[in-house]
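Grab your viewer and work through a few exercises on the structure below. Each one has a task and then a solution in steps.

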There are 2 protein chains.
Amino acid sequence: MKTQYCHAIEGTVTPAMKSASARESVSAETVMSALATGEAVLPCNPAHVRLEPVVAGRLFRTKVNANIGRSAYCSSTGEELLKLLTAVSAGADFVMDLSVGSDLGDIRRSLLAECPLPFGTVPIYEAWSRAGGSMASLTATGLIDVIREQAEQGVDFMTLHAGLLKKHVPMAIRRRLGIVSRGGAILAEWMSTYDRENPLYETWDSIMAICAEHDVTVSLGDGLRPGCLADASDEAQFAELDVLGELVLRCREAGVQAMVEGPGHVPFGQIAMNMEREREVCHGAPFYVLGPVVTDVAPGYDHITSAIGATAAAFHGASLLCYVTPSEHLALPTEDDVRQGIVAYRIAAHAADVARGLPGARDWDDRMADARRSLDWQKQFSLAIDGQTARARYERGRSQEPGDSDHCSMCGRDFCAVRTSGRLREKQ
Amino acid sequence: MKTQYCHAIEGTVTPAMKSASARESVSAETVMSALATGEAVLPCNPAHVRLEPVVAGRLFRTKVNANIGRSAYCSSTGEELLKLLTAVSAGADFVMDLSVGSDLGDIRRSLLAECPLPFGTVPIYEAWSRAGGSMASLTATGLIDVIREQAEQGVDFMTLHAGLLKKHVPMAIRRRLGIVSRGGAILAEWMSTYDRENPLYETWDSIMAICAEHDVTVSLGDGLRPGCLADASDEAQFAELDVLGELVLRCREAGVQAMVEGPGHVPFGQIAMNMEREREVCHGAPFYVLGPVVTDVAPGYDHITSAIGATAAAFHGASLLCYVTPSEHLALPTEDDVRQGIVAYRIAAHAADVARGLPGARDWDDRMADARRSLDWQKQFSLAIDGQTARARYERGRSQEPGDSDHCSMCGRDFCAVRTSGRLREKQ
């Protein structure tokens, strides 16, 4: 079977490219060209039958990923299914199942069967869960088995922390906060325990063969992403990034689609530089960023701290934004956290698309402005990212206001600037 | 009586400068110099006896303003007092009473008596409330009376929309959304009705005399701030800004402290340019911005859309951020909205301070990183902007997890990267 990348470099437009292009209001050839240069990905495992293909890359609308999945003790398949449906209805573009613990194949099968979005995983989680917390039981063979099984199940993209090498571990340990990637930390401990190289890196050719066979898009994980502002843009982060850049080329040689994962926690003023550096070092591969969080001091509000960073990241070149929920750093997200995370990230993605001048992006804002000018509240709610929440706030205020419904309780009728502006316009 | 500006240009350090400098960890001379050049303000009406002076300017920590105040039908003095106390305890630096309707003197007296923060108003609101919605009853004399009474009461800073001139009104009417400033819209309708110039502009010298006498800081209002992305950075906005620049100089000539208010709704990519333009056109006067909101499509979440813009604004030079609450565009904010608005804006202000390299700003983040490294949850909650919310989320997750308390429910004990990192560090 040929991957979408192979079709693209041969100049063939596939049904998946056509389908994805229709959602972007661009031609299928535009999608094909962006895939051929490697600056876009179209994660699309043929075994994922429910999939409606989505393209991610700088030429296209900025996409939002929702992480779901149970932890060892919290949540269940049923709860995670609810989170999936919430993520889809709130407008997520991609979803990742980060479940750990037992019966991971079953929960993934249930989620994949219901999921119309590109579906991602982190295979080291299953490998480590199977190893039962024993380093000796974590093997390269075990990892390859997991990757193959997940590919056969229909996983569209996989995070592989293959760029974190043995030589990077001392750099990471010297940091303020060390390693904050779950996968990165497990691999670092394994390498340190056995004084051996990263098993994903060492078996890369075998992994490539599986990914090429099932058209699994590789998401090159950043095991050394900074976990606090002090660790941002340091030698550990950029040493790993250099290896990720090499692996992008090895993916392309193997006909495999690749994107690159990025930080993390980054001061606002370093975001542009980080985006430019990835583009250069990683040969234009799409950048898939987690936030970044722009201050460490607001646990409980990291959907906000990170939406700030995500807007800047997307404006400066990131193509896929991994949401962060209000529970980040504190607890496994609830269904409501999922909804709040998606809303914050749709704001970030859209604000960036408007700012970078993506054709047609501002039309949505213009329609909202027109609904505001005509004080058409129902239209405002139907256009809003979350109209239900907007309506509830409006109604709560209105209950205290007398008279008709052509104003809101913020200013009241006599102080409504939009009404005054309307009178002025009529006079002209 | 001499204003803080007059003292500063004479080289005198006042008790207010000393008090403000202590909160910034800078010398009183640093505050004095910044006041003397007009690049900082220290709103400080001697009649406001409860005031603990705060300085705003690019050399200092970015400040957050909370708008409170009742509308004609909603809320009461008691509810607004609660909002004030919430704003203070949540960490607001400035507060404005935007109340309209009757008995405004009484509510202001109650708020001022409890308010340790610089306290601002918009006098046109009281003048228009007294005029009872009749254009004929709104007069320059009436406006001056309100300004004098409020100055005598102890108001530290006042928004005066004196830069919106008659010639600007046609530009504003041609816009997509027209005028969205309450004060700006009232003045525009008045000018249009009587074909006369802005009464604030025409009586500027009398206003200056009152402000100089009571050391009221002028906040030059932007009556033509854009109310949607489509209207941002247009001829109306910048024509008014030019007049605000002239008025900054007239304030300085009169010995009056001045800052300038700014947009509004601005695409993310235009924020830096807007900050630079204000600095140049307004002779370095501190920029006091409302957000800006970076997309129009998220009513109910405008604390987030605007915290994104506010971070960029402060990073690029704004000194005072006017918060926006989740009720913006929909209803009068509740007490909980006030709290949410402040938290979002403290995040924006601090993230910008770290990014622009304000000395010592990142220490807070570093202490949080250290608390995370040592898995010291109590320390994390005590350092958090809103520790109560952080603790509640953590506890909710923990209730499902077995065992000790050195991890959270997000990853669980076996997948905790911070624990793994700790083991690696110990091995070295």
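## Strand S7 of chain B

Start with a pair of residues: Leu220(B) sits opposite Val260(B) in S8(B). This is a predicted model, where local features need pLDDT of at least 70, side-chain atom pairs count only at pLDDT 80 or more, and totals for chains, interfaces and linings use all residues. Residues are numbered from 1 along each chain as its sequence is written, chains are lettered from A and ligands numbered from 1 in the order in which they are written, and side-chain values use heavy atoms, with hydrogens and water left out.

**Exercise 1.** Work out which strands pair with S7(B), and in which sense.

*Step 1.* Two strands pair if DSSP finds at least two bridges between them.

*Step 2.* Take one neighbour: S6 (residues 157-160) of chain B pairs with S7(B) in the parallel sense, over 4 bridges. Within that pairing, Phe157(B) is opposite Thr217(B).

*Step 3.* Now S8 (residues 258-262) of chain B: this strand also pairs with S7(B) in the parallel sense, over 3 bridges.

*Step 4.* Follow the chain. S7(B), helix H12 (residues 235-253) of chain B and S8(B) form a right-handed β-α-β unit (with the strands pointing away from the viewer, the path from the first strand over the helix to the second runs clockwise).

*Step 5.* Check the faces of S7 (residues 217-220) of chain B. Thr217(B) and Ser219(B) point one way, Val218(B) and Leu220(B) the other, and all are buried (under 20% relative accessible area with a 1.4 Å probe, protein chains only; exposed is over 50%, partly exposed in between).

## Strand S7 of chain A

**Exercise 2.** Repeat the walk for S7(A): which residues stand opposite each other across its pairings?

*Step 1.* S6 (residues 157-160) of chain A runs parallel to S7(A), with 4 bridges. Here Leu160(A) is opposite Leu220(A).

*Step 2.* On to S8 (residues 258-262) of chain A, which is parallel to S7(A) and joined by 3 bridges. In this pairing, Val218(A) faces Ala258(A).

## Strand S3 of chain A

**Exercise 3.** Explain why S3(A) counts as largely enclosed by the rest of the structure.

*Step 1.* Count: 6 of the 6 residues of S3 (residues 63-68) of chain A are buried, so the strand is largely enclosed.

*Step 2.* Find the neighbours. S10 (residues 320-322) of chain A pairs with S3(A) in the parallel sense over 3 bridges, and Leu320(A) is the bridge partner of Lys63(A). S4 (residues 94-97) of chain A is also a parallel partner, over 4 bridges, with Val95(A) partnering Ala66(A). From S3(A), the chain gets to S4(A) through helix H4 (residues 77-90) of chain A, a right-handed β-α-β crossover.

**Exercise 4.** Describe the largest pocket: what is its volume, and what lines it?

*Step 1.* A pocket here is an open set of points on a 1 Å grid over the protein atoms alone, where a 1.4 Å probe fits, with protein on both sides within 12 Å along at least five of seven lines; lining residues have an atom within 4 Å of a point.

*Step 2.* The volume comes to about 610 Å³. There are 26 lining residues, and those closest to the centre are Arg23(B), Arg61(B), His350(B), Asp353(B) and Leu358(B).

*Step 3.* Look at who contributes. H15(B) has the largest share of the lining, 4 residues.

Note on methods: Points joined across faces, edges and corners; volume = space filled by probe spheres on them. Helix = DSSP H or I, 4+ residues; strand = E, 2+ residues; numbered from the N terminus.
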